[in-house]
Every structure is written in structure tokens, then in C-alpha cells.
Amino acid sequence: MNTPNIPEKLLKPYNPVDEEFRVYEKWEASGYFKPETIIKDGLIKPDATPYTIVLPPPNVTGVLHMGHAMMLTVQDILIRYKRMQGYRTLWLPGTDHAAIATQSKVEKEIQKKEGKSRYDLGREELLARVNQFAQDSHDTIVNQMKVMGASCDWSREAFTLDETRTRAVRTVFKQMYDDGLIYRGHRIVNWDPKGQTTISDDEIVYEARKATLYTFRYSKDFPIAISTTRSETKVGDVAVAVHPDDARYTEFVGKEYDVNFCGVDIHITVIADKEVDPAFGTGALGVTPAHSMTDWEIADRNDLPRTQVINEYAKMTVGGENLMGKKVLEAREIIVNWLKEENLIEKEEIIDQNVATAERTGGIIEPLPKLQWFIDVNKPISYRDNKSLKQLMQDAIRVDGIKIIPDYFEKVYFHWIFNLS
């Protein structure tokens, strides 16, 4: 038998290092990842139907993982297939600055390697460190994408903190502000004492923990018992809310009481509010407007004051030496011990509780009133048929034909919209 004449290079094991960079450089040099080049070389017609994919920008917090690899593979298959079909294709690449996530990553590295915090470094040095980390991470990510053969148009690469993108954000912000869709005000927000920042609802991780629910009275002569797991916030109570149809408390509605609670003078008004569940606990709710979104809304409806007793570092801002400056967990223990000494506790029970923590830092969220910017998702927009943003977001799927794949994620989408406020 004659031995076939096989090229020597085919007899060697495949070495991707020898081939991938060479092939990718050839692809990129051809310019065929750019829609303009394909038209210029006559591969497709100038009026060809466009087909565009905007790459969901990876965060510059590290390197790509298997999830990114799968995403890139699927999108590359789609863009190459459409390109071969004669579409005017564009796959737009980019990276995301990731804001808090990147800063948190850098701070952890600095603390681990140097034992320093951002306060030790100062603003300018911290920014320099974050920018350098982001650049290094960006370079790694882009290199990974190229090694995987992603046919992106790199001449259009974007960064979510570059001048073009930030100008677009500022422009849209001003437009929305001029339309009355963005406003500024004091409201309860999710505050991360560890990261020293406000975070969105989407960045909260709820952890199942055991907690002690205490049922007690503010003083021996206070007529109503309330229940709480957060006794440290009770020095900020301004009211006790009951349901207007709860016959147990009808005679007390409208009455006011002055109490010295663990060394703090508080003024309590008994109010009636339909949102109170008479079947839960004692049917009476101690209202702490500055440290609970629910209580903040009760205060709005009943014109109550909002006394803040916990600061941005999760420390007490009221009381004598026993409370002032204490961290919330320490203050909780101090107040519980005081309640026991005064024989004010009527019941203790262990319950399951979902504790809100910050996704990035793991810190326990502290609801705090802050001056922040908000979007009014319910405001009618005159030039959009008086529809609100919530309605327009629903129309995008139900009327305009945007399709979410797979279908069951539509439920997630609409659940998110319906719960915007």
C-alpha cells in the first residue's frame, strides 16, 4: 500500500497558541467584522437588512468565566450566520465599569495586601488604583474574547464610563428631569453601612436567620403592647398604629403619651391606619418612620414627624452614654436588657427572618432617609399618549413586539415592572 502524502504539520498535535492569534489577526486585518468593509468589497448590498447585537458588557471586576464563554459562543454563531446570509451585521463590543462592584473589589485587594482602607489612601490614589485595575481587567477580557474568536467590530468598542456613554447618560437624565420624570427628595433607601453607599433593591441578598421577637410596652402605664425584632429603633418611634376597625384599641386612638424609653424621651401618638394587620402580633405597630419604608408611608398618610436615631455607620445618634455611638446590635442588647430590668417584656419568641444584606459587601442593610434622585414611573408623559413609564415598558412587550426568550422570563419581567413604585 502507498502511504498517503500527509503534510507534516497535520501529524503534530494541535497547538492553539500557534494558530489562534495568527488566524484572529488575519480576520481582524481583513476588516470583515465591520459592516462598512463588507459593503465596500461588494459582499453584501448597501441596502441590506441590518442585524445588530450589542454585547452585554462584562464587568471589569476580573476575568471572563464559563457563563461569558457560552454567551459569546451563542452570539458569535448568530452574527456569523447572519453575515453569511447577506445581512449588514454589527456585533458591538464593550465593557462595563461596574461602579461599586469594581471599587469593592479593589478595596478588598488593598485591605488584603496592604492592610489599608480607602480613607488611608485618599480619593485621588484610590481613583488611580481603581482605574488601573479596570484597565488591566479590560485588557484581559478583550484578549479572552479574541482568543475565543469573537467576530466583534473592535473599531466601535465602548466603555460605559467613556465620554460618549457618560454624555448620553447626562443628556437622558436632563431630558427626564425636564419632563418631570426625575425628581429629588428625602425618602427611605437601602443603605449599606459597610460600603457606605445606597444600593438598589436588585443588589440585596436576603439571608434566612433566626431572630427574637419581643413583645413589650414602652412603660408600665402605656396601654398598648407592641412587638419588634429591632428594639434599637424604638427610641425613634413617634406613633403606635392600629387598624381603625380594631375594637381593642378604639378608645386609645388620638391619645398622646410622653415616655422615657431607655433614657430617651419619646412622644407617642396612637393613630388608626388601614394598612395595619390586626391579626399580626398584638395588632399594634410601633411606627419608626426614619428606619422603615412601611413606617415612612404611614407617616406620609398621617403627617407624623420622622426622627432619625441611626446614622450611616449603623451607630446610634440618641441617648446617653448607654446608647450614643453604640452599633445597632450592641444597642439592641442594651435596650432588651433595660426592658427586662423594667419588667416591660411580655413575650419572647424565636422566629425565622429574612435579613437584607448588600450583595457586594455582605453588610446588613440599614433603611435610612437620604436625599436621593428618583424616577417617577407612574407619571403620565404627555408626548407619549399620557402613558407612564410603567405602561410603556409593558407595551414594549405586549404591543411593540419585543420578544423575551425563553417565554417564562416574561413573568419575571412583568413582576419587576408591577412592583416598581
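Alanine 241 has leucine 285, in strand S12, as its bridge partner. The model is a predicted one. The strands concerned, S9 (residues 239-242) and S12, pair in the antiparallel sense over 4 bridges.

Both belong to an open sheet of 4 strands, ordered S10-S11-S9-S12, in which the pairing is mixed. Strands S10 and S12 each have a single partner strand, so one side of each is left without a neighbour in the sheet. On average, neighbouring strands here are turned by 30 degrees against each other, direction ignored.

Helix H9 lies across strands S11 and S12 and runs at about 90 degrees to S12.

The residue ranges of these elements are as follows.

| Element | Residues |
|---|---|
| Strand S9 | residues 239-242 |
| Strand S10 | residues 256-261 |
| Strand S11 | residues 264-272 |
| Strand S12 | residues 284-287 |
| Helix H9 | residues 293-302 |

The largest nonpolar core has 34 residues, and those with the most contacts inside it include Val235, Val240, Phe261 and Leu339. At least two residues of this core come from each of S7 (204-216), S9, S10, S11 and helix H10 (328-341). H10 provides the largest share, 6 residues.

What does valine 235 contact, leaving aside its neighbours within four places in sequence? Its contacts are Phe261, Val264, Ile266, Val309, Met316, Val318, Leu323 and Ile335.

Another core, of 17 residues, lies apart from the largest one, and Leu55, Met71, Ile79 and Ala150 are among its members. In soluble globular proteins, nonpolar side chains tend to be buried together.

Terms used. Residues are numbered from 1 along each chain as its sequence is written. This is a predicted model: local features need pLDDT of at least 70, side-chain atom pairs count only at pLDDT 80 or more; totals for chains, interfaces and linings use all residues. Side-chain values use heavy atoms; hydrogens and water are left out. Two strands pair if DSSP finds at least two bridges between them. Axes are lines fitted to C-alpha atoms, for helices over the stretch in contact, and angles run from 0 to 180 degrees between N-to-C directions. Contact means heavy atoms within 4.5 Å. A nonpolar core is a set of buried Ala, Val, Leu, Ile, Met, Phe, Trp, Tyr and Cys residues joined through side-chain atoms within 4.5 Å. Buried means under 20% relative accessible area, exposed over 50%, partly exposed in between (1.4 Å probe, protein chains only).
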